[in-house]
Amino acid sequence: MSTVTISSPVTNSLTAGKLPKNAPLMVLAASWLVVGAFFTVIFLSGASESFNWAGTLFFGTVLYCIALYLFSYFVEGIRRAKDRLVTALVAIAFVVAMIPLISLVGTTIVNGLPAFLTPTFFTESQRNVVGAGGGALHAIIGTLFVTGLATLISVPIGLLTAIYLTEYGRGRLARGITFFVDVMTGIPSIVAGLFAYALFSLLFNDPGIRFGFGGSVALSVLMIPVVVRSSEEMLKLVPNELREAAYALGVPKWLTIVKVVLPTSLAGIVTGVMISISRVIGETAPLLIVAGFTSSMNYDLFSERMMTLPVFVYNQYASQGADSQAYIDRAWAGALTLIVIVMLLNLVARLVARTFSPKLGR
Amino acid sequence: MTTAVDRIAIKAKERPGDRIFSTATVVAGSLILAVLAAVALFLFVQSIPAFVAPADAFKGDFSNFWSYVAPLAFGTAWSAFLALLMAVPIAIAVALFISHYAPRKLAQGLGYLVDLLAAVPSVVFGLWGIGVLAPMVQPFYASLVEWFGWFPLFAGPVSGTGRTILTVAIVLAVMVLPIITAICREIFLQTPVLYEEASLALGATRWEMITMAVLPFGRAGIISASMLGLGRALGETMAVAMVLSPNPEVIFQLLTSQNSNTIAANIALNFPEAHGVGVNILLATGLVLFVITLIVNMIARVIINRRKAFSGAN
C-alpha cells in the first residue's frame, strides 16, 4: 500500500512542504556536532586549555534555533518557521530554568556530604567548638521547636478562618479577609520578624529581647495565610450534596462541618499544612532577628536565644573562624539538612494527597 | 453555597454548639485582620524615634532618616527590577511550555519540578549564589566590562569577586521564577478551550493560537503574577545579604564592587549588632519596606480579582 503513495509524486497539500517529524532533533544534534567540532579544533590547536563544553552547548543551541528557522522557512514558509522557532525557545527556557535547580541541589550534596556524614553532626552542638568538629543538634532542635509551635498556632487559626470563609462568611468581612489573606502572603519574611521583635520588646520592655517563641510568632504570621488559602481550596472541593444530606438528617451545622466536611477534605488539608511548614522551615531573616543565634542547646522556647537551622547555615558562613573550611563545610551540611527536610515534607505531602484523597469520580 | 437552603427561610434551631463554633471561626478570621493591623501599628510605634533621630545616630554621613533610607530603597527597587527583567520572559515561556507544549503526561511532573525551586530555602540560595554563581560569572563580567565598558551600566572597574548587583538579580530571578510561573500556568490553563480549538481549526499554528487566544486572555494574569514576583523580590533578605558587597549610595553600575544595598539585607546585616536608636532606625526602614510591598501586593490582587469577576472563566 505504502509503495503506491511513495511512487506517485506528492499531491496532498497536507503533507506537502513539511519537514520530517524528527527534523528538530536531527538539526539539534547536527548543530551541536558542528559547534563541537569547531571547539575541538580550537582545543587541539592549543588556543584553549580545555574543551569548551559550555560554549559548545550554548552556541550549538543558538545555531539550532537559526538553522531550524531557516530550514523551516524555506520548506514550510514563514508561519510554520515562527512556530518552530517559538517551540524551540520555549523548550530552551524550561531547560534554562532547570539549570539552577540542578546546580543548586548538586553542589549542596557534594559540598554538604563531608560534614553531613561526620557522626557528631546530629549528636552535638557547637558549644566550645573552635574549628572542625561539633554538630548542628542545637539548630535542629531549635528548628523543630520553633516550627512546631508556629504550626500549633497557625493551623487552628488558619483552619477556622478557612471554615469561616467557605461555610459561614458572606458580605464585607469575608471579602475583606479573603483579600487581606492574599495580601499577607506577600509580606516579606523580615517584616514578620521585625513585627515579632517590636511586639515583644514593647510588651516586656526589653530592647535586646531574643527568644524562640518570638520566632514562632513571626513564622505564624507567614504561615497562617498559606494554611488559609490551601485549606479553603480543599473545603470548597467537598461536594454540596454531602452537606445537604447531613442537614436533611437533622445534623446541626457545626457537627456537619466537624464530622462530614472536615474528614472528607482531611487529606488535602494535611497536604496544605505540610507544604506550608516546608515554606516557613527555611525562613532565616525573621529568626535571625527575633530568635538570635547561640552555639548551645536550648530547650526552652520562652527564654534565651535559640539557634535554628537556617540561621545556623547563615552564621557558620558569615562568621568563619580561623579554620574557615570547617565552617563552610558545616554551612553546606546545614543547607543539605534543610533541603532534605523540605524535599521530604513536599514528597510526603504529595503522597498523602494521592493516597488518601477521596475518590470522587467513579 | 447554601443559599438554596437559606432562601426557603426556615430558621434552623440555634444550638449552643453552633453558636460557639461559628463565633470561633469569626474570631479566627478577624484575628488575621487584627494581626495585619498590628504589624503596621507596632512597626510604626517603634519607628517614631527614628523619624526624629539626630544626624549622628546614623551610620555614615546622613542628615536624617529619609536620606538614609533613600539609597536603600533605590537598591531594593533596582535589584528587583533587574530580577523581573530576567524572570518574567523566562517564566512566561516556562508556563507556556508546561501548559501548552509539554506532553500531557509529563506536564504535571514538570510543574512539580518548578515548584521544588520555590521550596528551596533562601539561605541556601545565598550560599549557592556566593559559592557557585558569583565565581562562575566573574570572568564573564570581566570580559563584559572589557568590551562594553563604554556603556554606562557596564562601566568598570569590574568586581573581582562577582558579588555585584547583577549576580543578586540573577539569584532573585531564580527565586521569583516559580511564583510567576505557577500563576501564569494557572491562568493559561483557564483559557477557554473553545477559543483555542477555534483558532486551530481556522488553520492557525500553535504559536498563532497562543498569541491570539492564550496571551490576550492571560494578560492581566501575567501582569499581576509579575507584581507578586516583584513583591517577593523586594522583600528577599538572606540571598541579597550574603551575595552583595554593599555601599550606602545610589549606584546604577551593574558590575563593580560598589553596589546599593537593599532595605531587607541592610536590616539583616545590621540588626544583630544594633542598639539604642539604631534598632528604631532599622525598624523604620522595615516599615518602609512593608508599605512598599503591601501596595505592590494590593495592586496585584486587585488586578487578579477584577479579572476573575469579568472573564467568566470560573
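**What the labels rest on**

Trainee: What makes you call residues 25-47, 53-75 and 87-117 of chain A "transmembrane region"?
Mentor: That label comes from UniProt, in an unreviewed entry, which puts the feature on those spans of chain A among others, including 331-353. Such annotations may be inferred rather than shown by experiment. The model we're looking at is a predicted one.

Trainee: How do you know what residues 53-75 of chain A look like in the model?
Mentor: Residues 53-75 of chain A come out as 100% helix and 0% strand, with 32 Å between the end C-alpha atoms. For residues 87-117 of chain A the figures are 97% helix, 0% strand and 44 Å.

Trainee: What makes up the contact between chain A and chain B?
Mentor: Chain A puts in 73 residues and chain B 69 residues; a pair counts when the C-beta atoms lie within 7 Å. Helix H4 (residues 78-116) of chain A supplies the largest share of chain A's side, 20 residues. That side of chain A splits into 53 nonpolar, 14 polar and six charged residues.

Trainee: What does B:Leu127 touch?
Mentor: Leaving out residues up to four places away in sequence, B:Leu127 touches A:Val313, A:Tyr317, A:Ala331, A:Trp332, A:Ala335 and B:Met242.

Trainee: And which elements does chain B have?
Mentor: Chain B has eleven helices and two strands, in the order α-α-α-α-α-α-α-α-α-β-β-α-α from the N terminus.

Trainee: How many of chain B's residues count as buried?
Mentor: Buried takes 20 or more other C-beta atoms within 10 Å, and 48% of the 314 residues of chain B count as buried.

Trainee: How do you know which part of chain B to treat with caution?
Mentor: Check the pLDDT: chain B has a mean of 86, and 94% of its residues reach 70 or more. Residues 310-314 of chain B, though, are below 50, and that stretch has two contacts beyond near neighbours in sequence.

Trainee: What scores does the predictor give the complex?
Mentor: An ipTM of 0.86 and a pTM of 0.87.

Conventions: Residues numbered from 1 in each chain as written. Chains lettered and ligands numbered in written order. Predicted model: local features only at pLDDT ≥ 70, side-chain atom pairs only at ≥ 80, totals over all residues. Helix = DSSP H or I, 4+ residues; strand = E, 2+ residues; numbered from the N terminus. Nonpolar A, V, L, I, M, F, W, Y, C, P; charged D, E, K, R; others polar. Buried ≥ 20, exposed ≤ 12 C-beta atoms within 10 Å, placed from the backbone. pLDDT = per-residue confidence, 0-100.
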